[in-house]
Amino acid sequence: MNRRNRTLRQSPALREMVAETQLSASDFIVPLFVTEGKNIHEEISSMPDYHRLSLDNLKKEANELWSLGVKSVLLFVKVPDNLKDDACSEALNKDGLMMRSIKAIKETQPDMCVMTDVALDPFSPYGHDGLVKNFEILNDETLKVLSAMSVLHAEAGADFVAPSDMMDGRIGTIREALEQNGFTKTGILAYSAKYASCFYGPFRDALDSAPGFGDKKTYQMDPRNRTEAIKETLDDVNEGADIVMVKPAGAYLDIIREVKNAVHVPVAAYQVSGEYAMIKAASQRGWLNEKAAIAESLTSIKRAGADLIATYFAKQYLKNR
Ligand code: PBG
């Protein structure tokens with residue numbers, strides 16, 4: 001033998017020296033679920049140890065995350081049923097929970113990069129990401145609401161808007177609206193390759209936003225497709241996306257790598273609620289070592305090519321590593 005591959009694996013020091021992938025706090029985008037009320041810290045039943053937070057607790061969470069080195073949060077709001085209507089008008093309420101959430105975080109952590117979810121599902125009685133007419137998800141009509149919503153988020157202080165709806169043309173339309181309204185510094189994180197995935201189940205529990213009819217397959221991507229993911233992503237880059245995202249992450253590592261090789265903007269990947277729930281559930285039963293499973297899943301997403309990772313595990317990972 002003139003080369004032994006085990007040489008570089010023989011001690012922790014050597015393994016550390018030659019490790020090709022490092023995770024750091026600034027890699028993480030932390031999704032946060034916001035709800036109305038005071039001092040609310042409600043566990044999501046299918047996401048053990050993850051909570052819906054009222055604004056006061058949202059501030060505390062942002063402070064804790066910042067102290068751990070996290071630079072970015074991604075906000076989602078839970079909208080009470082009585083505020084959901086066909087026009088998704090609550091999405092355009094200037095004093096809506098999203099606007100108050102953005103301001104709350106900026107008040108307490110002005111340097112935190114605040115990203116906001118842009119899609120209609122929390123506001124829609126149908127739980128769909130676009131406006132609905134005759135059981136159809138409308139594209140172009142939805143774009144108007146998404147761009148107005150993005151401008152409101154920017155006005156409230158959001159650094160990035162993150163359209164997760166998968167309507168055609170949304171990145172270009174939102175970019176134009178931001179420009180026209182003078183928000184030339186607001187970034188767009190595009191959910192570019194977002195698949196119609198069963199792994200979003202627990203998230204829909206968190207926001208009570210499961211689709212009331214049908215599924216999301218007319219707008220989210222078919223899990224069987226790879227080439228299409230590249231096309232979607234290149235379209236978003238051309239329309240003005242600053243960061244692109246692949247979602248889910250764990251079952252789509254091949255897509256993350258291909259996207260990474262195809263674009264020259266940062267690539268994010270979203271380790272979604274179902275990925276979180278699987279690791280939590282198996283760990284609770286003693287079937288997986290939780291800490292190791294978290295580290296390995298996140299490292300693999302990074303190794304696949306993700307520059308940034310949206311994950312519910314960020315805090316746990318950073319506290320226990
Ligand atoms: C909806 C949205 C979803 C997620 C983020 N934004 C669910 C869906 O598309 O139905 C999923 C996130 C997760 O599962 O963690 N716009």
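Reply: Gladly! One term to start with: a residue is called buried when its relative accessible area is under 20%. Please keep in mind that this is a predicted model.

Me: Thanks! What share of the residues in the chain is buried?

Reply: The cut-off for buried is under 20% relative accessible area. Applied to the 321 residues of the chain, it gives a buried share of 55%.

Me: What is the radius of gyration of the chain, and what would a compact globule have?

Reply: The C-alpha atoms fill a box of roughly 70 × 45 × 40 Å along the principal axes. For 321 residues, a compact globule would have a radius of gyration near 20 Å. The chain agrees with that, as its own value is 20 Å.

Me: How many helices and strands are there in the chain, and what share of the contacts between residues at least 6 apart joins residues at least 24 apart?

Reply: The chain has 11 helices and 12 strands. Taking contacts between residues at least 6 apart in sequence, the share that joins residues at least 24 apart is 74%.

Me: Let's zoom in on helix α9. Is Ser-273 buried or exposed?

Reply: Ser-273 sits in helix α9, which covers residues 273-284. Its relative accessibility is 1%, and the cut-off is under 20%, so Ser-273 is buried.

Me: Which backbone atoms does the side chain of Ser-273 reach?

Reply: Leaving out residues up to four places away in sequence, Ser-273 touches residues that include Met-47, Tyr-312, Phe-199 and Phe-203. A polar atom of the Ser-273 side chain lies 3.3 Å from the backbone oxygen of Phe-199. At 2.9 Å, the side chain of Ser-273 also reaches the backbone nitrogen of Phe-203.

Me: Glu-275 is in helix α9 too. Which backbone nitrogen does its side chain reach?

Reply: Glu-275 has 8% relative accessibility and counts as buried. Not counting residues up to four places away in sequence, it touches Pro-248, Ala-249, Gly-250 and Tyr-270. The C-alpha atoms of Glu-275 and Gly-250 are 7.2 Å apart, although 25 residues separate the two along the chain. The backbone nitrogen that the Glu-275 side chain reaches, at 3.1 Å, is that of Ala-249.

Me: Where is Pro-248, and what is the omega of the peptide bond from Lys-247 to it?

Reply: Pro-248 belongs to the loop between β10 (243-247) and α8 (253-262). The peptide bond that leads from Lys-247 to Pro-248 is cis, with omega near -10°.

Me: Which side chain makes a polar contact with that of Ser-192?

Reply: Ser-192 lies in strand β9, residues 187-194, and its 0% relative accessibility makes it buried. Among the residues it touches, leaving out those up to four places away in sequence, are Arg-170, Glu-232 and Asp-236. The polar contact, at 2.8 Å, is with the side chain of Asp-236.

Me: Is Asn-39 buried or exposed?

Reply: Asn-39 is in the loop between β1 (28-34) and β2 (41-44). It has a positive phi of about 50° without being a glycine. Exposed means over 50% relative accessible area, and Asn-39 has 56%, so the word for it is exposed.

Me: And what is the relative accessible area of Asp-208?

Reply: Asp-208 is part of the loop between α6 (201-207) and α7 (227-239). Its phi is positive, near 50°, in a residue other than glycine. Asp-208 is partly exposed, with a relative accessible area of 39%.

Note on methods: Residues are numbered from 1 along each chain as its sequence is written. This is a predicted model: local features need pLDDT of at least 70, side-chain atom pairs count only at pLDDT 80 or more; totals for chains, interfaces and linings use all residues. Side-chain values use heavy atoms; hydrogens and water are left out. Helices (H or I, at least four residues) and strands (E, at least two) are DSSP runs, numbered from the N terminus. Buried means under 20% relative accessible area, exposed over 50%, partly exposed in between (1.4 Å probe, protein chains only). A polar contact is a pair of N or O atoms within 3.5 Å; within protein, one must be able to donate a hydrogen and the other to accept it, and residues adjacent in sequence count only if both atoms are side-chain atoms. Contact means heavy atoms within 4.5 Å. The radius of gyration is taken over C-alpha atoms; the globule rule is 2.2 Å times the number of residues to the power 0.38.
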